[in-house]
Amino acid sequence: MYDIQGVNKELRSTSELLREGIRNFLDGATALPGEVFRDEEVFRDETQSIFLHEWISVACAQAVSNVGDVFPVHVAGYSLLIVRDKKNQVRVFYNMCGHRGSPLVSEACRARGGLLSCPYHGWVYSLNGNLVAAPFLNRSREDSRADDEQLSQLGLVEVRSTVWRDIIFVNLSGSAVSFEDHIAPLDRRLEDWPADELHPVSATECEVSANWKLAAENFVDAYHLPLVHREICSGFEGALKQFGVSLSDRIAGMVMPEGYGSVEEDSKEKSPIFSKLRGQKRTHIETFFIFPNTLILVEPDFQQVIVLRPQRAGLTHETFANYVVSEGSFWEAHSELSRQIDRDSLNVNDQDIDLLEKLQKSRSMSVASQTQVAPEWDQTVSEFQKIWARCFLEG
Ligand code: FES
Ligand SMILES: [Fe+2]
């Protein structure tokens with residue numbers, strides 16, 4: 001007979017071994033075990049221990065820029081529906097009909113008449129999640145319309161959400177600290193790059209055959225810039241001055257104090273820069289992770305956001321969004337410049353995706369546990385890994 005108990009025991013011990021390895025990493029004895037980047041069991045645990053409880057980003061609000069826009073996303077096993085309602089508010093619901101659980105929408109669309117209709121049996125919802133019609137719910141020809149009391153108990157399940165610097169965040173468990181407290185250290189840090197001066201350029205959806213953590217680590221890794229992105233960082237000299245900043249137990253970053261100055265400007269036109277920027281900040285490039293899955297970069301004239309939506313251990317969907325600084329009608333007159341900025345940054349992102357997919361393959365070998373960080377360069381990468389390890393073990 002099949003020994004299910006033995007199998008379960010084996011599964012438990014494998015998992016315990018891995019947890020032991022993660023604890024050893026936190027004690028400074030070993031590198032983070034390679035399995036955490038490729039193991040589906042780890043991924044399943046992450047969806048509970050991390051993605052359920054933290055403030056996670058799901059998309060950018062520019063994806064639902066008009067009232068009635070609907071944008072479905074999958075993130076770490078959760079299927080969500082982002083809408084812009086009639087009051088111009090971004091709201092997030094589970095993408096699940098209250099009747100038999102059918103997804104309401106499978107691709108981005110505009111809700112006709114401000115209504116969402118379930119494709120299974122036709123229940124109709126308004127954009128604030130209320131059920132407004134359920135055809136023949138009472139199975140009566142004379143009384144085909146369900147009464148309001150019946151309907152009011154059958155709305156969509158809404159998720160705690162907020163928008164910050166155009167990034168849509170949700171907290172699925174509802175138990176995380178207030179978003180304001182969570183983001184306050186970074187909000188203060190970015191005071192001179194104010195969100196109300198941002199002008200959205202684009203939000204591109206990409207698929208990366210790599211673990212989401214590798215993408216997060218890569219974003220705060222200055223060491224790779226001179227080799228992988230020569231066109232934005234021409235030599236190690238520029239990258240040498242980088243330093244790490246730790247803002248909270250969920251947010252850290254990497255600053256290149258002369259990063260912007262080292263960018264070769266091939267355009268005659270200069271984009272407007274943030275109006276409050278003074279002194280040395282006018283040459284800063286600052287990149288941050290907001291644990292677990294949000295990446296943000298600011299330059300004097302630019303913001304970039306990457307939202308990582310893990311699909312499985314080796315597959316991540318990302319929203320890659322660009323913003324410039326608005327100033328009167330500058331961008332109406334310089335649309336080619338904004339397209340150029342967009343092309344250049346997408347090119348850099350493609351270089352990263354190529355690199356990450358190769359990295360995922362090499363990290364799939366058991367010998368990958370023997371990789372190690374370079375302490376002088378990888379301080380923010382290490383910080384990300386430590387936050388991940390603590391949250392994973394505690395969750
Ligand atoms: S599952 Fe949506 S109406 Fe039945
Ligand atoms: Fe990169």
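Where is arginine 165 found in this structure? In this predicted model, in which local features need pLDDT of at least 70 and side-chain atom pairs count only at pLDDT 80 or more, totals for chains, interfaces and linings use all residues. Residues are numbered from 1 along each chain as its sequence is written, chains are lettered from A and ligands numbered from 1 in the order in which they are written, and side-chain values use heavy atoms, with hydrogens and water left out.

Arginine 165 is found in the loop between strand S9 (158–164) and strand S10 (167–171), where helices (H or I, at least four residues) and strands (E, at least two) are DSSP runs numbered from the N terminus. Although arginine 165 is not a glycine, its phi is positive, at about 50 degrees. With a relative accessible area of 7%, arginine 165 is buried, a term that stands for under 20% relative accessible area, while exposed stands for over 50% and partly exposed for values in between (1.4 Å probe, protein chains only). Phenylalanine 136, which is not a glycine either, also has a positive phi of about 50 degrees; phenylalanine 136 lies in the loop between strand S8 (131–133) and helix H3 (148–152) and is partly exposed, with a relative accessible area of 48%.

Two prolines were also examined. A cis peptide bond, with omega about 5 degrees, joins phenylalanine 291 to proline 292, and proline 292 is placed in the loop between strand S14 (285–290) and S15. Proline 300 lies in the loop between strand S15 (294–299) and strand S16 (302–312) and is buried, its relative accessible area being 1%. When residues up to four places away in sequence are not counted, the residues that proline 300 touches include Trp193, Tyr260, Phe274, Lys281, His284 and Val325, contact being defined as heavy atoms within 4.5 Å.

The domain assignment gives domain 1 (56–161) and domain 2 (188–394), with bounds that come from an automatic or database domain assignment. The contact takes 11 residues from domain 1 and 17 residues from domain 2, and the C-alpha centres of the two domains lie 34 Å apart. About 970 Å² is buried between domain 1 and domain 2, and carbon and sulfur atoms give 57% of this area; buried area here is the accessible area (1.4 Å probe) that two parts lose on being put together, summed over both. In domain 1, the residues that lose the most area to domain 2 are Ser57, Cys60 and Gln62, which together account for 51% of what that side buries.

Across this interface of domain 1 and domain 2 the rule finds zero salt bridges, a salt bridge being a side-chain nitrogen of Lys or Arg within 4 Å of a carboxyl oxygen of Asp or Glu. Eight residue pairs between domain 1 and domain 2, both residues at pLDDT 80 or more, are in polar contact, that is, they have a pair of N or O atoms within 3.5 Å, of which, within protein, one must be able to donate a hydrogen and the other to accept it, and residues adjacent in sequence count only if both atoms are side-chain atoms. On the side of domain 1 that touches domain 2, strand S1 (56–60) and strand S2 (69–75) are the elements that give two or more residues, and S1 gives the most, with five residues.

In the structure as a whole, 16 salt bridges are found. Glutamate 286 and arginine 189 meet through their side chains in one of these, at 2.9 Å from N to O, and this pair links distant parts of the chain, since glutamate 286 is in strand S14 and arginine 189 in helix H4 (residues 179–189), 97 residues apart. Glutamate 286 is buried, with a relative accessible area of 1%, whereas arginine 189 is partly exposed at 26%. A salt bridge also joins the side chains of aspartate 192 and lysine 281 (2.7 Å, N to O); aspartate 192 lies in the loop between H4 and strand S11 (198–208) and lysine 281 in the loop between strand S13 (251–256) and S14, so the pair ties together parts that are 89 residues apart in sequence.

Helix H5 (residues 212–219) is mostly covered, as eight of its eight residues are buried. Asparagine 211 caps the N-terminal end of H5, with a side-chain oxygen 2.9 Å from the backbone nitrogen of lysine 213.
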